[in-house]
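Here is my notebook from an afternoon with a new model.

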Amino acid sequence: MEQVQEAIHAEPRIWPQILIMEDELSVAKGLELVLSEEGYTVDLAMTGRSALDSFSQKAFDLLIADLRLPDIDGMEVIKKVKSSRPDTGVIVVTGYSTVPSAVEAMKLGATDYLPKPFTDDELMSAVRVALHEKKVLNAGAAAAAVAEPPVPALEPLPEDLQRLQEIMTQVRQEFSGTRVELIPILQKVQNHLGFIPEPALEEIAQFTRMPAAAVYGIATFYEQFRLQPGGRHIVKVCRGTACHVKGTERILSEIETRFGVSPGQTSDDRMFTLETVACFGSCAIAPVVVVDDSVKGRMNPTKTRHVMEGMAQNHENPDPDQQ
Amino acid sequence: MNYSAIKAKAEKEWNWLENLPQPLIQLGMGTCGRASGADEILGSVKQTLKDANLLARTMEVGCIGMCYLEPLMAVRKPGRPFILYGNLTPEKTEKILKRYLTEDDPCVKWSVCTIGKDRVEGIAPFEKHPMLRSQVRIALRNCGLIDPTNIHHYIAKGGYSGLQRALGMSPAKVIEAVKASGLRGRGGAGFSAGLKWELARNSFKDTSYIICNADEGDPGAFMDRALLEGDPHAVLEGMLIGAYAIGAAEGFIYVRAEYPLAIERLVKALEDMQKCGLLGNSVLGSRFRFDIHIKEGAGAFVCGEETALMASIEGRRGMPRSRPPFPAQSGLWGKPTNINNVETFSNVSAILQNGARWYAGFGTGKSKGTKTFSLTGKVKRTGLIEVPMGIRLKEIIYTIGGGAPKGKEIKGVQTGGPSGGCIPADRFDLRVDYESLAAAGSIMGSGGMVVMDQDTCMVDMARYFLTFTQAESCGKCLPCRLGTHQMLDVLTDICAGDGTSADMDLLADLSETVQKGSLCGLGRTAPNPVQTTLRYFKDEYENHVFHHKCKAGVCKPLFHYEIDRELCNGCGLCVRQCSTGAISGEKKAPHRIDPSKCTKCGICYQCCKQQAVAIL
């Protein structure tokens, strides 16, 4: 990861190139002023044809497109630009906003849809999101080029990232990339990988055409999602009422003193990740501890310790029969 | 396929099973059963049958509700009732099978009860068992008695006849029937199910949705899990009836990801329904079109709230919004949406199968029918129960639950999970219905019932629930986000012995603010555990604040353990259990605890057979 970031930072700093396609001169000039003040290089096109001409001559990072133009439909221009240069970011601005047109624009790959009038801040945040997504894309390519990085603790392993690519390929086949599918997609990645690494969030954001920040917001809202790799064994202690009454705290403090992990942490040897869960719904056999995916009822501190010690030992002296 | 053809096929299969010439062995394979070792028992059954060269069939069933006896097995010889055996170990299983199947010894001492028409000498029938005598099983009618993965079993037991009947009625008539039954939402709030459907039906324009809320997040509740694992079709049939009544063509089941077995059962059930023509473009050959999708939750308690649940289905952060508009007017993607709880749907299918008047015959004037509870905590018989509304709390706790184990004294019961309250033992005459529980400061809730004895500290209980609600608050409303945090801080101080008399007033004050200033049920009910413990167990708060004592032995800074020199017989059991070596003493002479080494883990207190370890 660090190397990826270095690779990005090491690039000579080139300001992104933006093309504004807008037939109203006053609006176009206004946009140009705001964007160039921020340091971007801005070109103007007053018609659809001239926009396409500009694209044939040079590569832009971002197209800000009005939909109503004197010659061709703005949507047509976006379609052509996206087919010839798929990594170009697109923001749609229009005075005649309708839901179907917004949906169509998003389907074509626009990152944002701004109905007029909009504030400078709204525009700038849309531009930043669009350009960030592009950078992420390129960073992905750069990451592929970087040779195996050393593995710091609790960073995804190279094989995790490799597996991620396989999983994402499956995801792209199974899902269509709509927002409704976001949580199921995150669940699929976690089920296969055990956690959701940062590149996964970025790729999912791109696939579902959502800002990466929004995907991150959702992944962190739900307790289930783990953004860091866990230990070899996930130990979940139930904190339900019945379990609490019957001594969850004692089990937790036993694990903490014996194995040095508190809830939410992974042990230094990466053997155990300790988590607590609100309730497993097995209250009649409380207290409950779930080790990996096996539910163990009527636990106590000693039993829990034995189960965990047993698992740790299995790794130290692997059973020849099982290998 | 039409209904009578499916029914004929199902009955044929069921009759075959009923008249099986070989013994039939049923194993409870719900999550509780598996966690208690049902898989090992299944292995032992198969091995025993193979070794002894016995011919018998095995069948996996859901949870029968007697979770305290898990793992459970029921054995039926041809022409006899089932005999239920509990607390099994692989060795015990082997002995029972060999003795009963080959020597015809029913092993009375290990038996629990018989299930079925005939009797077996010396064994009480199912209905007479103290845990079941006061129960009326409607929602749970098939749980533990049929194979949940076999749709034919459900149909043979009268399943989908309610749907068949509904399809012959107009949607308005179906809604009438549900209204007439008096069924109220079993998710907790208790709104009339029929009325809710009517609202959704009246808002119908082009599309509407129906959702089954199986996001059972209340800690201490597992009714919905057991129902989905043990009889998924009862719920799905109710959902189909609801969809027909409100005009929905698409439905969602929002189920917790923590319930993998329930999800597995649902997936299988939906496949079978598809095959039987119970889903798709023409349900049972009618013009009613319906499909169901399963949505897995992702571990956010607040998603049990209906508007948050819908946000989560739409792929957003599960945060509640203000109502109106109610989901019945504008729900999922802005369309009219009806949300009912798992148990509500299971009752709906029973109502359409047996009639509204039959259903209204159970319960009280305002609370009709039955309610399932997960009875847990400090009672002898923990498990899943279903009782008629209006039953008294004491009957549930002492008759069904059997009172506290180890001769301890019951202090109170907590109903309704983190949204509910604690009711003290001296008010156990209270009737269990929506109004009476609310008057006592608690709520019916989804059905968690956690019994507490003298070893439970009520201040710690309040702190525990606040820890939960504070962590699960979505953060949208400030009074809930910060209020619960402040309340938790105050309670943590009290439990640490740093409480002051002003703290109790502050708690009462904050409770009111959080209650009034929050948008959804989570915040509005979060103070309930604090308010009820302040109301009924004020002496415990005072003991913590003024005397720095936690008599229950829970709040570590406020007590210590001492060995009673009179009672201790020097057996040395506690010495071996103590992990810090804090206990010392000669064999057969009174022991003592070194307070500097003691971590107050309580293991000595629990293991001492003489009850010589005292909390001071």
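**Entry 1: ground rules.** Before looking at helix pairs I noted that axes are lines fitted to C-alpha atoms, for helices over the stretch in contact, with angles running from 0 to 180 degrees between N-to-C directions. Helices (H or I, at least four residues) and strands (E, at least two) are DSSP runs, numbered from the N terminus. This is a predicted model, where local features need pLDDT of at least 70 and side-chain atom pairs count only at pLDDT 80 or more, while totals for chains, interfaces and linings use all residues. Residues are numbered from 1 along each chain as its sequence is written, and chains are lettered from A and ligands numbered from 1 in the order in which they are written.

**Entry 2: a helix pair in chain B.** I looked up helix H3 (residues 38–51) and helix H4 (residues 90–103) of chain B, whose axes come within 9 Å and cross at roughly 40 degrees. That makes H3(B) oblique to H4(B); angles under 35 degrees count as roughly parallel, over 145 as roughly antiparallel, 65 to 115 as roughly perpendicular and the rest as oblique. H3(B) passes H4(B) in a right-handed crossing. A crossing is left-handed if the near helix is turned anticlockwise from the far one by less than a right angle, and right-handed if clockwise.

Which residues of H3(B) meet H4(B)? I found B:Glu40, B:Ile41, B:Ser44, B:Val45 and B:Thr48 on H3(B), facing B:Pro90, B:Thr93, B:Glu94, B:Leu97 and B:Lys98 on H4(B). Contact here has a cut-off: the C-beta atoms, placed from the backbone, lie within 7 Å. By class, I noted four nonpolar, three polar and three charged residues. Ala, Val, Leu, Ile, Met, Phe, Trp, Tyr, Cys and Pro count as nonpolar, Asp, Glu, Lys and Arg as charged, and the others, Gly among them, as polar.

**Entry 3: another pair in chain B.** The axes of helix H10 (residues 232–246) and helix H11 (residues 260–275) of chain B come within 10 Å and cross at roughly 60 degrees. H10(B) is therefore oblique to H11(B). B:Pro232, B:His233 and B:Leu236 of H10(B) touch B:Arg265, B:Leu266, B:Ala269 and B:Met273 of H11(B). I sorted these into five nonpolar, one polar and one charged.

**Entry 4: a pair in chain A.** Next I turned to helix H9 (residues 198–207) and helix H10 (residues 212–221) of chain A, whose axes come within 8 Å and cross at roughly 120 degrees. H9(A) and H10(A) are therefore oblique to each other. Their contact has seven nonpolar, no polar and one charged residues.

**Entry 5: chain A as a whole.** I read off 13 helices and nine strands in chain A. Of its 323 residues, 35% are buried, meaning that 20 or more other C-beta atoms lie within 10 Å of a residue's own. The domain assignment, which is automatic or from a database, gives domain 1 (2–140), domain 2 (151–221) and domain 3 (233–316).

**Entry 6: where the chains meet.** How many residues of chain A are in contact with chain B? I noted 35 residues of chain A, in contact with 46 residues of chain B. The largest share of chain A's side, four residues, comes from H11(A). By class, that side has 20 nonpolar, nine polar and six charged residues.

Terms used:
Contact = placed C-beta atoms within 7 Å. Buried ≥ 20, exposed ≤ 12 C-beta atoms within 10 Å, placed from the backbone.
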